[in-house]
Amino acid sequence: RLMNEKTISITLKVWRQEGPEAQGYLETHEARDISTDISFLEMLDIVNAGLQKAGIEPIAFESNCREGICGCCGATVNGRPHGPRPATTLCQLHMRHFHDGDVIVVEPFRATAFPIIRDLVVERSALDRIIQAGGYVSVRTGQAPDANAIPIPKKRAEAAFRSAECIGCGACTAACPNASASLFAAAKIGQLAALPQGHPEREQRVRSIARRMDEEGFGPCSKHYECHAVCPKQVGVENITTMNRENLRAAFIRS
């Protein structure tokens, strides 16, 4: 340990659940002398190492890139998906944002469409099925066209890029009072609505996505916009306006 390294000791109350049908509960663990330079997930790794030495089942949590780009690390920290820092995934949240003696409650994302697999791990394949329902374009693949073959205004390109920043972590659903996937779905719809490549299937796309969201058990948009507040990529709620407009357009064309 470095001579000038700052450390803190915290109390963790972590949700433990052996499986989807098991009874869950909060389990308390003490994390001592934790460096403030490490990430939240690295802290959980240290706690798990101690649990394994003691012969206790380690805490199950998801982790992959640890660079804030895959979204699978999502969990709720003190009631907020991904923790207290705005525009930050859980894997990029550092312990310096907590204080010595803090009590930290860690729970999985809560939503009907996100059944708990074990501890902090939830099943989020419902989001994948939304993408399969319509978050794509049917175009011929092959040699890439020249960059200037399809002129796209800069504002539209930037809007599409902003929408495409969604990493599908599910924090928006976990924060919404109705457990809605509106921001996630709207980001996919908004991205393709901004580009000419997405226009041939736009009516079919928005209808298919809306139908799939209902089938998966996601609720309607509550207009509270907690989704934007907890989104680690700060995907804008203007995408929801775009989705509503696309829905209305599809309804008129269908009628």
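The sulfur of C172 lies 6.4 Å from the closest cysteine sulfur, in C169, which is too far for a bond. A disulfide is taken here as a pair of cysteine sulfur atoms within 2.5 Å. By this rule, the count comes to zero disulfides. C169 is likewise in no disulfide, and its nearest cysteine sulfur, that of C231, is 6.3 Å away. C172 is buried, with a relative accessible area of 10%, and C169 counts as buried at 6%. Buried means under 20% relative accessible area, exposed over 50%, and partly exposed in between, with a 1.4 Å probe and protein chains only.

The model is predicted, so local features need pLDDT of at least 70 and side-chain atom pairs count only at pLDDT 80 or more, while totals for chains, interfaces and linings use all residues. Residues are numbered from 1 along each chain as its sequence is written, and side-chain values use heavy atoms, with hydrogens and water left out.

Seen as a whole, the protein chain has eight helices and seven strands; these are DSSP runs numbered from the N terminus, helices being H or I of at least four residues and strands E of at least two. Its C-alpha atoms fill a box of roughly 65 × 40 × 35 Å, taken along the principal axes. Of the 255 residues of the protein chain, 47% count as buried. The accessible surface comes to about 13,500 Å², of which 50% belongs to carbon and sulfur atoms; accessible areas come from the Shrake-Rupley method with a 1.4 Å probe, and for residues only the protein chains shown count as cover. Contact means heavy atoms within 4.5 Å. Among contacts between residues at least 6 apart in sequence, 70% join residues at least 24 apart.

R16 lies in strand β1, which spans residues 7–16, and is buried, with a relative accessible area of 5%. Its side chain is joined to that of E27 by a polar contact of 2.6 Å and to that of D119 by one of 3.2 Å. A polar contact is a pair of N or O atoms within 3.5 Å; within protein, one must be able to donate a hydrogen and the other to accept it, and residues adjacent in sequence count only if both atoms are side-chain atoms. Leaving aside residues up to four places away in sequence, R16 touches several residues, including Y25, H29, L51 and P58.
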